Amino acid sequence: MSTPHPLSVWARNVSPSPTLAIDAKAKAMLAAGEDVCSFAAGEPDFDTPQFIKDAAIAALQGGKTKYAPTPGIEPLRQAIADRYAAEYGYKIAPSQVVVSPGGKYSCYLAIMATCNPGDEAIIPAPYWVSYPEMVKLAGATPKFVLCNDRAGFKLTPALLAAAITPKTKLLILNSPSNPTGAIYNRAELAALADVCVQHNLYVLADEMYEHLIYDGHQPVNFAMLGAEVEKRTVTVAGFSKTYSMTGWRLGTLVAPAPIAKACSELQSQMSSNATTFAQYGALAALKEKAKADAAIEAMKTAFDRRRKYLHAELNKIPGITCLLAGGAFYLFPNISSFGLKDTEFCAKLLEQEKVAAVPGSAFGAEGYLRLSYATSDEIIRKGIERLRRFCAGLKK
């Protein structure tokens with residue numbers, strides 16, 4: 001009997017998502033009756049607003065159960081174009097919009113459309129765990145640039161320029177950031193844009209958390225930083241975080257016409273289209289603005305309260321320092337003073353105190369934790385007390 005051939009290099013080289021793995025372990029422990037406080041999940045703990053669900057139900061009952069156009073139903077693509085025009089002055093045609101099965105898929109399409117085998121993609125660290133794997137799946141090479149808490153977790157023009165080589169093709173920029181919650185202001189983005197134009201780089205601007213910004217900051221659309229910037233920018237966003245629609249799997253991609261066309265053609269061969277009736281729920285989210293704004297504001301109010309509380313309590317724990325995030329729903333405290341690898345810290349924390357957190361090394365930054373405050377106030381209060389007790393034990 002012969003041994004089957006090894007699996008493909010893609011299957012053997014891709015790493016599973018550590019955030020999903022830790023969240024799954026925490027949920028399994030909860031299902032087994034253990035009192036786990038999980039800070040691992042990257043999704044709002046709110047239900048999808050009822051009016052959005054009602055629109056999807058009506059679409060189902062109305063027979064919207066067949067294939068849709070590959071880049072998305074026309075009314076939704078028009079509504080997305082209208083949103084960008086209204087919010088940013090970004091005037092695009094519906095043909096520049098591609099609706100995909102999730103923001104993750106939108107990012108992957110952007111990378112597949114712009115990167116060749118052998119190209120390099122610059123990824124500031126800490127980074128969302130999927131970026132490097134997507135780059136590798138495209139046959140390209142991820143190149144990391146560490147931006148630690150002393151730098152506010154933000155890439156600078158000097159760091160970017162120093163990382164560029166003749167093979168560099170793409171910069172992946174995420175603001176607000178998963179995992180740190182850091183946000184770039186307009187001047188910071190404009191300075192990075194100048195470097196990208198100078199070196200003829202494509203930019204994947206992941207703006208999934210654009211509406212979850214606090215302290216009076218305003219979102220900035222990277223593509224709107226100049227005509228030359230717009231020509232090379234792919235903007236990814238979606239419905240998962242803003243409208244608490246993670247399970248609906250709906251991402252959006254906006255790009256110059258040639259890139260959007262390429263992404264649509266790639267999607268046509270890989271997934272056909274995003275779920276048809278789900279797109280009608282997304283359409284309601286954009287069309288029924290008053291209801292949507294009320295739902296978003298309720299979530300933001302809760303997230304902001306939790307953000308401030310968790311930040312204050314973390315900085316009261318000897319040995320922990322933590323920056324106050326400006327967006328998303330994560331904090332990224334520094335735990336390097338305890339002398340443990342962050343993976344060991346998280347394993348012991350889960351085992352001893354039943355608190356689930358994701359190690360910073362999963363995001364390319366050893367010595368940190370990612371804590372999601374998209375969970376209940378009760379879990380946050382209970383979890384921070386357990387973390388305090390755990391850290392006190394380490395300091396003895």
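T233, T235 and A237 point one way from strand β7, V234, V236 and G238 point the other way, and all of them are buried. The model described here is predicted. In a regular strand, side chains alternate between the two faces of the sheet. Strand β7 covers residues 233-238, and six of its six residues are buried, which leaves the strand mostly covered.

Two strands pair with β7. Strand β6 (residues 202-206) pairs with β7 in the parallel sense over four bridges, and in this pairing A205 stands opposite T235. Strand β8 (residues 251-254) runs antiparallel to β7 and is joined to it by four bridges. Here V236 stands opposite L253.

**Aromatic rings**

A search of the whole structure finds 17 aromatic pairs. One of them is formed by Y127 and F144, whose rings are stacked at 4.9 Å centre to centre with 20 degrees between the planes. Y127 lies in the loop between β3 (120-125) and α6 (130-137), while F144 belongs to strand β4 (residues 141-146), so the pair ties together parts that are 17 residues apart in sequence. Y127 counts as buried at 11% relative accessibility, whereas F144 is partly exposed, with a relative accessible area of 41%.

Another pair is that of F332 and F363: the ring centres are 6.0 Å apart and the planes lie at 75 degrees, so the pair is edge-to-face. F332 is found in the loop between β9 (330-331) and α13 (342-353), and F363 in the loop between β11 (358-359) and β12 (369-372); the pair therefore ties together parts that are 31 residues apart in sequence. F332 counts as buried at 2% relative accessibility, and F363 is buried with a relative accessible area of 0%.

Ring pairs also link F46, Y209, F303, F329, Y330 and Y373 into a cluster. Charged side chains meet rings as well. R83 lies over the face of Y84, at 4.3 Å from the ring centre, and the charged end of K154 sits over the ring of Y184, 6.0 Å from its centre.

**Salt bridges**

Side chains of opposite charge can pair when their charged atoms come close. A search of the whole structure finds 26 salt bridges, and the table lists some of them.

| Salt bridge | N to O distance |
|---|---|
| D35 and R386 | 2.5 Å |
| E265 and K261 | 2.6 Å |
| D304 and R307 | 2.7 Å |

The salt bridge of D35 and R386 links distant parts of the chain: D35 is in the loop between α2 (18-31) and β1 (37-38), R386 is in helix α14 (residues 377-395), and the two are 351 residues apart. D35 is partly exposed, with a relative accessible area of 41%, while R386 is buried, with a relative accessible area of 11%.

The other pairs in the table lie within helices. E265 and K261 both belong to helix α10 (residues 257-270), where they are four residues apart, about one turn of the helix. E265 is partly exposed, with a relative accessible area of 43%, and K261 is exposed, with a relative accessible area of 52%. D304 and R307 both lie in helix α12 (residues 289-314), three residues apart, about one turn of the helix. D304 and R307 are both buried.

Finally, D45, R305, R306 and D377 are linked in a network of salt bridges.

Conventions. Residues are numbered from 1 along each chain as its sequence is written. This is a predicted model: local features need pLDDT of at least 70, side-chain atom pairs count only at pLDDT 80 or more; totals for chains, interfaces and linings use all residues. Side-chain values use heavy atoms; hydrogens and water are left out. Buried means under 20% relative accessible area, exposed over 50%, partly exposed in between (1.4 Å probe, protein chains only). Two strands pair if DSSP finds at least two bridges between them. Rings of Phe, Tyr and Trp (its six-membered ring) pair if their centres lie within 6.5 Å; planes under 30 degrees apart count as stacked, over 60 as edge-to-face and the rest as tilted. A charge sits over a ring if NZ of Lys or CZ of Arg is within 6 Å of the ring centre and within 35 degrees of the ring normal. A salt bridge is a side-chain nitrogen of Lys or Arg within 4 Å of a carboxyl oxygen of Asp or Glu.
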